[in-house]
Amino acid sequence: MSKRPIFFASLLLTGWPIMFGCGLQNDATQGSKLDIVGGNTVTASQYTTLFKSIASLRYGGSHFCGGTLIASNKILTAAHCLADFSSSTIKNSVTVTLGSSSLSSSTGATTYKVSSYKIDPRYNANTSQFDMAVITINGTSTITPAKVNVDTALPAVGAKTYVAGWGSTREGGNVNSALKYTSVAVVANKECTIAYGSDIYAGSLCAYTKATDSCQGDSGGPLYSLSATTMTVVGVVSWGYGCAQAGYPGVYTRVSEFTPLTF
Ligand code: 4AZ
């Protein structure tokens, strides 16, 4: 999902200087055509050791959103990934694939149907607030699930986090068959409000590093923090103004505001 906050966008694009005082920079050389945008392809060993909890949600076999394995049969994703489908479509035509870093290879992959799902009842499609859902798959995976962040003090502002997905490598592009990741720095909600206004709330987690970002098709997937070799899911890819636009963080659903996931 991408949103265009016209008022704030025009302030930023005209370069009102106060907007750029706190770490977000308006760099005229950064347009929308940056190559996840930027970042790197996940190597085989990185996939096995770090990123294996990422899931591909498919409709009729085609990838449309990411997700994160958080228990042997539970997938964390975004409400907006599921909200436009009927429950029968979700149960009959949406599948969850785990175990392969390539969308075009079935080696190592296991595909599950959706047994049940819960969309946060507070989800608001206009503001994108409460953009969180949990899928129960019709089987159990032996892949190690990601840890789920329950610490509301983490990740700290400025911390390095990692987002991964098969989403577009440029604004307006297509899904990418190879899994990519990038690192983005956590931005304070107060600063993120300067870019986006009141749609930023306690359940938002914003992250920004110049010229790299999550993008369309990464939605629902994980924003991780890494400690030693443990990946903890701290955010769910939700929305932003385009992808890798200068001064506009990616907006994630802040997982710690949703635990325990009992909605
Ligand atoms: C999207 O359209 C989308 N840069 C997802 C994430 C971001 C922007 C757009 C964040 O699904």
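Colleague: Is Ala-211 buried, partly exposed or exposed?
Modeller: Keep in mind that this is a predicted model. Ala-211 sits in the loop between strand 11 (204–208) and strand 12, and its relative accessibility comes out at 22%. Buried would need a value under 20% and exposed one over 50%, so Ala-211 counts as partly exposed.

Colleague: And what is the phi of Ala-211 near?
Modeller: Most residues other than glycine have a negative phi. Ala-211 isn't a glycine, yet its phi is positive, near 70 degrees.

Colleague: Which residue takes a positive phi in the hairpin of strand 12 and strand 13?
Modeller: Strand 12 and strand 13 (residues 230–239) run antiparallel and pair over six bridges, with Ser-225 opposite Thr-232. Two residues lie between the strands of this hairpin, and the positive phi, near 55 degrees, belongs to Ala-228.

Colleague: Which peptide bond next to Pro-155 is cis?
Modeller: Most peptide bonds are trans. Pro-155 is placed in the loop between strand 8 (147–148) and strand 9. Omega is near -5 degrees for the cis bond, which runs from Leu-154 to Pro-155.

Colleague: In what order do the six strands close into a barrel?
Modeller: Take the pairs along the sheet. Strand 3 (residues 62–71) is joined to strand 4 (residues 74–77) by three bridges, strand 6 to strand 7 by five, and strand 5 to strand 6 by four. The pairing in the barrel is antiparallel, and the order is 2-3-4-7-6-5.

Colleague: By how many degrees are neighbouring strands of this sheet turned against each other on average?
Modeller: Strands of a sheet pair through backbone hydrogen bonds, either parallel or antiparallel. For this sheet the average angle between neighbours ignores direction, and it is 45 degrees.

Colleague: Which residue in strand 6 stands opposite Val-96?
Modeller: Strand 5 and strand 6 are an antiparallel pair. Across from Val-96, the strand 6 residue is Tyr-112.

Colleague: Where does the largest nonpolar core lie relative to domain 1 and domain 2?
Modeller: This core has 42 residues, and those touching the most other members include Phe-51, Leu-98, Ile-135 and Tyr-224. Its largest share, four residues, comes from strand 7 (residues 133–137). Domain 1 (54–137) and domain 2 (147–256) both contribute residues, so the core lies between them.

Colleague: How many residues are in the other core, the one with Ile-200 and Tyr-208?
Modeller: That core lies apart from the largest one, and Tyr-241 and Tyr-248 are also among its members. Its count is twelve residues.

Colleague: Last stop, Ser-100: which residue's backbone oxygen lies 3.2 Å from a polar atom of its side chain?
Modeller: Ser-100 is in the loop between strand 5 (94–98) and strand 6 (110–119), and with a relative accessible area of 9% it is buried. Beyond its sequence neighbours within four places, Ser-100 contacts Tyr-47, Ser-105, Thr-107, Ala-109 and Trp-166. The backbone oxygen at 3.2 Å belongs to Ser-105.

Terms used. Residues numbered from 1 in each chain as written. Predicted model: local features only at pLDDT ≥ 70, side-chain atom pairs only at ≥ 80, totals over all residues. Heavy atoms only, no water. Core = buried A, V, L, I, M, F, W, Y, C linked by side-chain atoms within 4.5 Å. Buried < 20%, exposed > 50% of the residue type's maximum accessible area, 1.4 Å probe, protein only. Domains from an automatic or database assignment. Pairing = 2+ DSSP bridges. Axes fitted to C-alpha atoms, helices over the stretch in contact; angles between N-to-C directions. Polar contact = N/O pair within 3.5 Å; in protein donor to acceptor, adjacent residues only side chain to side chain. Contact = heavy atoms within 4.5 Å.
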